[in-house]
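Here are my notes on this one, in the order I'd read them. Have the model open beside you as you go.

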Amino acid sequence: MSLAAEPVSLQMILVFALIGVTLILYATERLPLEVTSLGVVCALMVLFQALPVRDEDGANLMTPGALLGGFANPALLTVLALLILGEGLNRTGSLDRVSAAVHGLSRGSPALSALVALLLVAGTSAVLNNIPVVVIFIPIMQALAVRNDMAPSRYMMPLSFAAILGGMTTLIGSSTNLLVSSALIDMGERGFGFFSFTIPGLVVAGAGLVYVIFALPRLLPERHTTGTELRAAARQFKAQIEVAADSPFAGMRPVSGFFPKLPGITVLSVQRGAETYFPPYDEDLSLADGDVMVIAATRDKLTDLFKSAPDTLRPTLAADGPLPEGGQDGPMMQDMQALAEVMVPPNSRLVGLTLDRAGFRYRHACAVLGVERRSRMLRRRPTDVPLEAGDILLIQGRRPDIEALRGSQEVVLLEWSAEDLPQTHHATRAVLIFLGVVGAAASGLVPTEVAALTGATAMILSGALNLDEAIRAIDRKIILLIAAALALGSAMQATGGADFLALGLLAALGDAPPAVVLSAFFMLVAVLANILSTKATAVLFTPIAAAVAHHIGVGVEAFAVAVVFAANCSFASPVGYQTNLLVMAPGGYRFLDFVKAGAPLMVICWLAFSLFAPLWFDL
């Protein structure tokens, strides 16, 4: 078909100039991303107020309402809802069983354990936003690195890449996919269904995962991070476990003098009534109701222990009496529980008192789970040892109660140490809500945005998350970035910029077959996705994809899917996708590490798509 030259208007030139400036600012980060995004929206409103783009009736197409509509875009709201759902799974510890399974496999071959972990990441990312998946799996991969005696740098980048590849397979696998679908609908085209591009996605992701699992670890540097060294030297807290008849420790027996079912935890002694047993323990010793284990472990290990048995670490203190809100452990069973560390100063009244006599839990509604004392490791119960100046106490309590310790004369709160505890008693309802969202969206029972927003609301109403936690899960960078990208995409379409670029690409390719045009378009989008953000690239190139498809007389779906996959191919730069930034510090990576390791993966995905897409879409 003959192609008419697209007239170049002043508005189009200015929009392209604004896009160029935006790309530079995004890539260099000379300004915070939020400031750049907000500035783009403001610049577009001023531009089209002074130089309106009018329709046939003389009305301005780019009104402030149209440019600000991105803030209420269904795709944006869906992304935010998915972030809340992911935070709900994270805060309730719903994936801890996955972590335990991966840890169990890590006892064997490091390659096998990495394979299982990365396949789990890719599979989870297909139905959960990539960012919370990577956040959840970072400590799992760090633990695998320690167990396999390998540097975290061999695990972190494959984690990010596997999540991105898995996110290519379903509509909700990545926020990028939702944005492309929403942009298509805004242009009057047909949006994606839940599994619209699952088959080609599996082909591209499968080819990429072969590289990620078998080749990528060999290309990555052996680089240990400062964080790894700090974890190795983490302080050991002494705590006590009170064994109850229904506890997971009842009936546990030592093997070769120790307790292998408590990995990473040193059992200093076992007290049974008036008798005390010390290691190595006799294999005939079977833990029973009423036994007390005195243990030494890091804070991370105690946190893991708390997740599996939250009641066992809180010692019974007869001297405390009832707590202010009724019931000795009433506040300990409420939501918003957190861990923190406090230090006993020299002038504290706690010096010389045992935990049983100090009444700390009664006055502050915070339970002491463990005591750290660097001078010596006593084998007596922590509740029976008089406190000394300089002791570090690991405490559990509600956030408000912990924050109230800032003004205490008894202890000094270590501000950096506060950490929310997972609400494991809400794990089942969080999983059911998430599965309901996925099922409703996948079956087409309700639109994806309805399912996601309803699920996010259900997470809050069910108590799996409180409102503050849900708000903290929302990333303001995502809000402003998506709103700015949608505004730029609308401006390109209204000014004819999308058609102009489409014609330029076609002119450069001449009379090439549709399959060649599709392949070249994929590579163009993939390269730009590594320069600016994935989401911005997706929204900007969706109207261009539709224009190219219309001009060469083929269906829009093939080029729209190319935008989805190519925009997700942000492997060669840490700034292209947020998961790359998340793993950069834990892996100790440099910018060039992503270029060297990610560029081959981008080429592999391009080749897989270029070979399979023409067959699948009948081009």
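1. Of the 619 residues in the protein chain, 53% are buried (under 20% relative accessible area; over 50% is exposed and in between is partly exposed, with a 1.4 Å probe and protein chains only). This is a predicted model, so local features need pLDDT of at least 70 and side-chain atom pairs count only at pLDDT 80 or more, while totals for chains, interfaces and linings use all residues. Residues are numbered from 1 along each chain as its sequence is written, and side-chain values use heavy atoms, leaving out hydrogens and water.

2. The protein chain has 26 helices and 8 strands (DSSP runs numbered from the N terminus: H or I of at least four residues for helices, E of at least two for strands). Take the contacts (heavy atoms within 4.5 Å) between residues at least 6 apart in sequence: 78% of them join residues at least 24 apart.

3. Now look at H9 (residues 175–186) and H23 (residues 534–552): their axes come within 9 Å and cross at roughly 20 degrees. Axes here are lines fitted to C-alpha atoms, for helices over the stretch in contact, with angles from 0 to 180 degrees between N-to-C directions. The two helices are therefore roughly parallel (under 35 degrees; over 145 is roughly antiparallel, 65 to 115 roughly perpendicular and the rest oblique). The crossing of H9 and H23 is right-handed (the near helix is turned clockwise from the far one by less than a right angle; anticlockwise is left-handed).

4. On the H9 side, Ser175, Thr176, Leu179, Val180, Ala183 and Leu184 meet Thr534, Lys535, Ala538, Val539 and Thr542 of H23. By class, that contact has 6 nonpolar, 4 polar and 1 charged residues (Ala, Val, Leu, Ile, Met, Phe, Trp, Tyr, Cys and Pro are nonpolar; Asp, Glu, Lys and Arg are charged; the others, Gly among them, are polar).

5. What about H24 (residues 556–568)? Its axis and that of H9 come within 9 Å and cross at roughly 150 degrees, which makes the pair roughly antiparallel. H9 passes H24 in a right-handed crossing. Thr176, Asn177, Val180 and Leu184 in H9 meet Val556, Ala560, Val563, Val564, Ala567 and Asn568 in H24, a contact with 7 nonpolar, 3 polar and no charged residues.

6. Last, Gln11, which sits in H1 (residues 10–28). Gln11 is buried, at a relative accessible area of 16%. Beyond its neighbours within four places in sequence, Gln11 is in contact with Phe48, Leu51, Pro52, Val53 and Thr495.
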